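Please read the briefing below alongside the sequence and the model. It covers strand pairing, a helix and the nonpolar cores.

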Amino acid sequence: MKTLPLIPALLLAATLTASAQDTTATCWSLQRCIEHAKANNLEVRMRQVEVDRQELTLHTARSKRLPSLSAGASQQWSFGRSASAADNTYQVQTTSSTAWSLSSDVPLFTGFEIPNEIAAARLDLMALAADLQKTRENMEITVTSAYLQVLFDKELLGVAENKLALSRTQLDRTRKMHDAGRASEAQIYETEAQVAADELSAVQTANDLRMATLTLTQLLELPSPEGFDVEPPTEADTTFLLARRPDDIYRTALTTRAAVRAEELRLQSSEKQVRVAQSALYPSLSFGASYNNAFYHIYNKPNTPFANQIRDNRGLGLGFNLRIPIFNRFATRNSIRSARLGLRNQELQLENTKKALYKDIQQAYYSALSAAERYRSATAAWQSAEKAFTFTGDRFENGRATTYEYNEAKTNLIKALSDRTQAKYEFLLRKKILEFYEQQ
């Protein structure tokens, strides 16, 4: 009974279903992995801390409009000749004095520095929030890549395990043919060597799968990869069609990607920083108020009662303070120039971000097209290799093909199937990236 022609079909079925899965494992969908990583990944949480810190910076900038209030107190002792607090004459005496003060200052005009600082801090906060979103978006691509790598390695493991099964079947058949006098002992040794090589390949592929799974679970901040598994791709995912051209995707991405939005906000913040630097050219005006009081005590002499001194020694002060800048050794001029250079640098940074975005979209698009073409070519090669393997298997069973010819046909089949699998997941990754850029 001939069974060899059925093996290639079983081989393909095994790769599509990712054989040898643990039925007790928890299957995670791609979307579940992405959402979990966005909520738990340490890099995302660190970005959130930066946003919280910038909120405090914005609050500090807003608070500059409020009055300042400070209080002070002092205690002094004087020995020997000193001025008397009673009549301001110099006498040899021992005295003590206790003083209190309270002062407040209100900025009235600061050359528009405060409103521009507030606006810049608000824009910086929005930029950091966009950076947080960009980190989440990058995490989505990273998780997607790691997720597809796990699926790819699972299919490769299925290929390796079934290749090993074919070699073991070949070994059994070769031994039977040897017993029947139709194969030499050298053919048995060659087949045993092939089985050992295929066992090693299967072990290495299984290790690659374990490492890919570990990488994904580490991105998800899971404590262990044990019991973790992923869902296979759907038929809709493996549709080798691209709906939009790179330029159309780019126009959409310019309005939706957080990386572009963050740089645009930083550009606006740089414009405000120029105005902050220019505010030093304007006069500044503030209003101040103060209150002070003191209690004096002369040892070994009669003193005015405490309540009377508190009433009589108090002092109140009100005033305006005008500051007009004239020359500060070019500090203001250089500060303005530095702020303008920062603005120019940010303009270039925004342009660079847009170019990098367009480059990524183009590369993903044309890589997807290339992967789709390679998938079609690899499918044709696999179908031809399947026919050749079936034909060679029949000839080998009838003693008209050598072990070398059978192994070569099997190797060609496995290579074509591996190339097909690699092209499929390359396309899936690029397609997911393009879909990510098209998200609203």
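**Strand pairing**

Thr 95 stands opposite Ile 298 in β5. This is a predicted model, in which local features need pLDDT of at least 70, side-chain atom pairs count only at pLDDT 80 or more, and totals for chains, interfaces and linings use all residues. Residues are numbered from 1 along each chain as its sequence is written, and side-chain values use heavy atoms, with hydrogens and water left out.

- Strands β3 (residues 90–109) and β5 (residues 284–298) pair in the antiparallel sense over 14 bridges; pairing requires at least two DSSP bridges between the strands.
- β5 also pairs with β6 (residues 315–323), in the antiparallel sense over nine bridges.
- Gly 315 in β6 is the bridge partner of Asn 292.
- Strands (E, at least two residues) and helices (H or I, at least four) are DSSP runs numbered from the N terminus.

**Helix α4**

- The 67 residues of α4 should span 99 Å at 1.5 Å a residue, and its end C-alpha atoms are 97 Å apart, which agrees; the expected span is 1.5 Å times one less than the number of residues.
- Gly 181, with a positive phi near 80 degrees, follows α4.

**Nonpolar cores**

- A nonpolar core is a set of buried Ala, Val, Leu, Ile, Met, Phe, Trp, Tyr and Cys residues joined through side-chain atoms within 4.5 Å, where buried means under 20% relative accessible area (1.4 Å probe, protein chains only).
- The largest core has 44 residues, and Val 143, Leu 216, Ile 361 and Tyr 437 have the most contacts inside it.
- Its largest share, nine residues, comes from α4.
- Ile 361 touches Pro 246, Ile 249, Tyr 250, Ala 253, Leu 434 and Tyr 437, not counting residues up to four places away in sequence; contact means heavy atoms within 4.5 Å.
- A second, separate core of 15 residues includes Trp 382, Phe 396, Tyr 406 and Leu 417.

Key:
Buried < 20%, exposed > 50% of the residue type's maximum accessible area, 1.4 Å probe, protein only.
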